[in-house]
Each structure stands twice: as C-alpha cells, then as structure tokens.
Amino acid sequence: MSTLDAVILAGGAGTRMGGVDKPGLAVGGRTLLERVAAAVRDHAPGARIVVVGPERESPDALYVREDPPGSGPVPALRTGLPHVAADRFALLAADLPHLTGGHLALLGGPNAVFVDGGGREQWLTGVWDTAAVRAALAGYRGRSLYGLLGPLGPRLVPAPDADAVADCDTPEDLERAARRLQG
C-alpha cells in the first residue's frame, strides 16, 4: 500500500472556461487531469487516485461522483475520502498543469498546504492526514475548505514558483500554460 493516496476534484462546472469539461482539456499533449494524476504517480508510484468527477478513459483511477454533481469541494471531498486507504492523501484540483511530483514532495508530511506569492492558502494543493480530515468532516456542516481544513493548523509551505499552484480557469490561463509547457 502507498503511503500517500490522492483525491482529485474534477467535477466543477467550468463556468469561467465557457462551461466546457475543463479537466478534459488538453495542454502539452495531455489533459489537465492526466497531468495532475501523473504528478501524484511520480511522487507516490503506488498511490490510489480517486477522481471526484465524471468517469473518463484516462487517467486510470477510481471515479466517484458527489450528489448532486458539481455541489462543491467539501461535498466532493466527503465523497472521495472514504476511498482513501493511505494514512495521508493529497487533495488536488484537476486543473494544475504545472504540478509535479517534486512539488508534492515539498509538502512533506501531512497537514501541509501551499501558499501562493500573495500568502493565500491554496486548499486544493495540500497533503493531509487522512484520519484527521475524516474526523473534521464528521462534525463539519459548512461548505468552505478553509472552514474545514484551517482548524487542522496546516503547515503553510510557500509555493516554489507561481506555476506550482497556477490553475487554469479561463481560456487565457490554458493558453498561458500551453506556452510555458512548450518552453
């Protein structure tokens, strides 16, 4: 069994991207979701990857859906977390084209989250203690990841570069990521 599993949230509406299937968009020859899954597998080769979102042919993962679909990150985490077997897990967005296994290694032990250049926590780029998050979820009725994960007192890790936490919310973000990946 891996010492790290992953829950990748891939079920949003992609409204700023025009309502398209954002995790399925290709950049640099792979979909956004494939890139995030590859980063997890690079860091933890035996990781179980749980994707909360529509089932796809690739990447190879366990696909589950929150009810109702698209209801937000806390319900999605609530749906994905029961499938995590490892003592710790990465909680990741599906639209992080520059995330690497090296970035995940920088997070180190559980309850660590990247902060961007402005000092803002990037809740969908963190590594968490599975038991602690399960316990927090059991008593949590809110909808905010900050409200759920903030009380766990995560170690705030400065992102090594802006790309590590740069997601793709708009067509312009996707074009910028494609340019960066092409060198």
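These notebook entries record what I looked up in a predicted model.

**Ground rules**

I number residues from 1 along each chain as its sequence is written, and for side-chain values I use heavy atoms, leaving out hydrogens and water.

**Entry 1**

I began with the strands, taking helices (H or I, at least four residues) and strands (E, at least two) as DSSP runs numbered from the N terminus. I found an open sheet of 7 strands with mixed pairing, in the order β5-β4-β1-β6-β8-β7-β9. Two strands pair if DSSP finds at least two bridges between them. The edge strands, β5 (62–64) and β9 (155–158), each pair on one side only. On average, neighbouring strands of this sheet are turned by 25° against each other, direction ignored. For such angles, axes are lines fitted to C-alpha atoms, for helices over the stretch in contact, and the angles run from 0 to 180 degrees between N-to-C directions.

**Entry 2: strand β6**

Next I examined β6 and its two partners. β1 and β6 run parallel and are joined by 6 bridges; within this pairing, Asp5 stands opposite Phe89 of β6. With β8, β6 pairs in the antiparallel sense over 5 bridges. Here Arg88 stands opposite Asp129 of β8, and Leu92 has Thr125 of β8 as its bridge partner.

I then asked how many residues of β6 are buried. The count is 6 of its 6 residues, where buried means under 20% relative accessible area, exposed over 50% and partly exposed in between (1.4 Å probe, protein chains only). Arg88, Ala90 and Leu92 lie on one side and Phe89, Leu91 and Ala93 on the other, and both faces are covered.

**Entry 3: strand β7**

I turned to β7 (residues 112–115). Ala112 and Phe114 point one way and Val113 and Val115 the other way, and all are buried. β7 pairs with β8 in the antiparallel sense over 3 bridges, and with β9 in the parallel sense over 4 bridges. Val113 takes part in both pairings: its bridge partner in β8 is Gly126, and its partner in β9 is Leu156. The hairpin of β7 and β8 has 5 residues between the strands, and in this hairpin Gly119 takes a positive phi near 85°.

**Entry 4: helix α4**

I looked up where α4 sits. The helix lies across β6 and β8, running at about 115° to β8. In α4 (residues 130–138), I noted Thr130, Val133 and Leu137 as buried. Seen down the axis of α4, these buried residues fall within an arc of 70°, so they line one face of the helix; the arc is that of the directions from the helix axis to the C-beta atoms. Ala131, Ala135 and Ala138, on the other side, are exposed.

What covers the buried residues of α4? The cover includes α2 (73–80), β6 (88–93), β8 (121–129) and α5 (145–149), with contact meaning heavy atoms within 4.5 Å.

At the N-terminal end of α4, I found Asp129 as a cap, with a side-chain oxygen 3.2 Å from the backbone nitrogen of Ala131. A polar contact is a pair of N or O atoms within 3.5 Å; within protein, one must be able to donate a hydrogen and the other to accept it, and residues adjacent in sequence count only if both atoms are side-chain atoms.

**Entry 5: aromatic rings**

Rings of Phe, Tyr and Trp (its six-membered ring) pair if their centres lie within 6.5 Å; planes under 30 degrees apart count as stacked, over 60 as edge-to-face and the rest as tilted. Trp123 and Trp128 form a stacked pair, 6.2 Å centre to centre with 25° between the planes. Ring pairs link Trp123, Trp128 and Tyr146 into a cluster. Trp123 counts as buried at 12% relative accessibility, and Trp128 does so at 0%.

**Entry 6: two single residues**

Ile49 is found in strand β4 and counts as buried at 2% relative accessibility. Beyond four places in sequence, Ile49 touches Ala6, Ile8, Ala37, Val40, Arg41, Ala61 and Leu62.

His98 is found in the loop between β6 and α3 (101–107). With a relative accessible area of 11%, His98 is buried. Leaving aside neighbours within four places in sequence, His98 is in contact with His103, Asp163, Ala177, Arg180 and Leu181.

Note on methods:
Predicted model: local features only at pLDDT ≥ 70, side-chain atom pairs only at ≥ 80, totals over all residues.
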